[in-house]
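Reader: I would like to go through this model with you, beginning with the ligand and its surroundings and then turning to the domains.

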Amino acid sequence: MDEQLDAVLEAAPAVLSVVYGVPSAELVAGAHARGIRITGTVTTVAEAVAMDAAGVDAIVASGAEAAGHRVSFLAPAEESLIGTFALVPQVVDAVSAPVIAAGGIADRRGVAAAFALGAAGVQVGTAFLRTRQSAASDAHRAAIAAAADTTTVLTRAMSGRLARGIPNQAVRTIEQNGAIAPFPAQNWLTGQFRAEAGRRGLGAFASLWAGQSAALATRTEADEVFAELARGLPA
Ligand SMILES: Cc1cc2nc3c(=O)[nH]c(=O)nc-3n(C[C@H](O)[C@H](O)[C@H](O)COP(=O)(O)O)c2cc1C
């Protein structure tokens, strides 16, 4: 971990994004000394207050609609499932850093709503998954193309940590068997078949991360997604 952070500081990207906790004072100071802006992701107001106290440059408020892992760090992820619409204004009221809204934003309407709630920016994942520039597999793309509002679920089955995705045979079978190891053990275990599933293009045994806005992810060029999102920015 320390070696990874040293490598990031040396590479000096424009932004360093931290999840699953508050960055140390040394890391924030080290990033700032190299001109790197640092952001931290939160899922509750309490996490946002702790993140703000660490002196980050922006706080990503991640609502329960978002794809992938719930990066909660002060309470269990299952108790930190606030929707973006409720979370963003409460975080804005509680912190001094600019707030970036994440979760469920997929077009100009979502961007406009996020800014109306007090956000200074948005973070978008799901809307890009079907674009030509995405690294998603064909099976992942097909699952998103077939998704409706009710399709995604929160599960610990694939990694041991709570994450949102499209349920498949692997998720259903693991959840029915009831035995899920904690992270990182579960992640390692499922990695044994996920790697092979990737090679064979088997969506039934892959991680199909996607957010609740999956059905809005209709565009297949990333610049079209950016253009659509930009139309929701305040004048
Ligand atoms: C395929 C995929 C994998 C993701 N994996 C992670 C992850 O490992 N850690 C994390 O903090 N966020 C992860 N995210 C969340 C994104 O960083 C972003 O916050 C989220 O996609 C925003 O919500 P949306 O999907 O509704 O647009 C992932 C998103 C996607 C689409």
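Reader: Where does the ligand sit?

Author: The model is a predicted one. A molecule is assigned to a pocket if more than half of its atoms lie within 2 Å of the grid points of that pocket. By this criterion the ligand sits in the largest pocket.

Reader: Which residues come nearest to the ligand, and how does the shell divide into nonpolar, polar and charged?

Author: Of the 15 residues around the ligand, those that come nearest are A67, G104, Q123, G125 and T126. The residues of the shell divide into 9 nonpolar, 6 polar and no charged.

Reader: What percentage of the accessible area of the ligand does the protein cover?

Author: Oxygen atoms of the ligand lie 3.3 Å from a backbone N or O atom of G103, 2.7 Å from a backbone N or O atom of G104, and 2.8 Å from an N or O atom in the side chain of Q123. Of the 600 Å² of accessible area that the ligand has on its own, the protein covers 74%.

Reader: How many residues does the contact take from domain 1 and from domain 2?

Author: The domain assignment gives domain 1 as 2-129 + 217-230 and domain 2 as 138-215, and the C-alpha centres of domain 1 and domain 2 lie 23 Å apart. From domain 1 the contact takes 17 residues, and from domain 2 it takes 17 residues.

Conventions:
Residues numbered from 1 in each chain as written. Predicted model: local features only at pLDDT ≥ 70, side-chain atom pairs only at ≥ 80, totals over all residues. Heavy atoms only, no water. Near = heavy atom within 4 Å. Polar contact = N/O pair within 3.5 Å; in protein donor to acceptor, adjacent residues only side chain to side chain. Areas by Shrake-Rupley, 256 points an atom, 1.4 Å probe, with all protein chains shown as cover. 1 Å grid on protein atoms, 1.4 Å probe; cavity = no way out; pocket = protein on both sides within 12 Å on 5 of 7 lines; lining within 4 Å. Nonpolar A, V, L, I, M, F, W, Y, C, P; charged D, E, K, R; others polar. Domains from an automatic or database assignment. Contact = heavy atoms within 4.5 Å.
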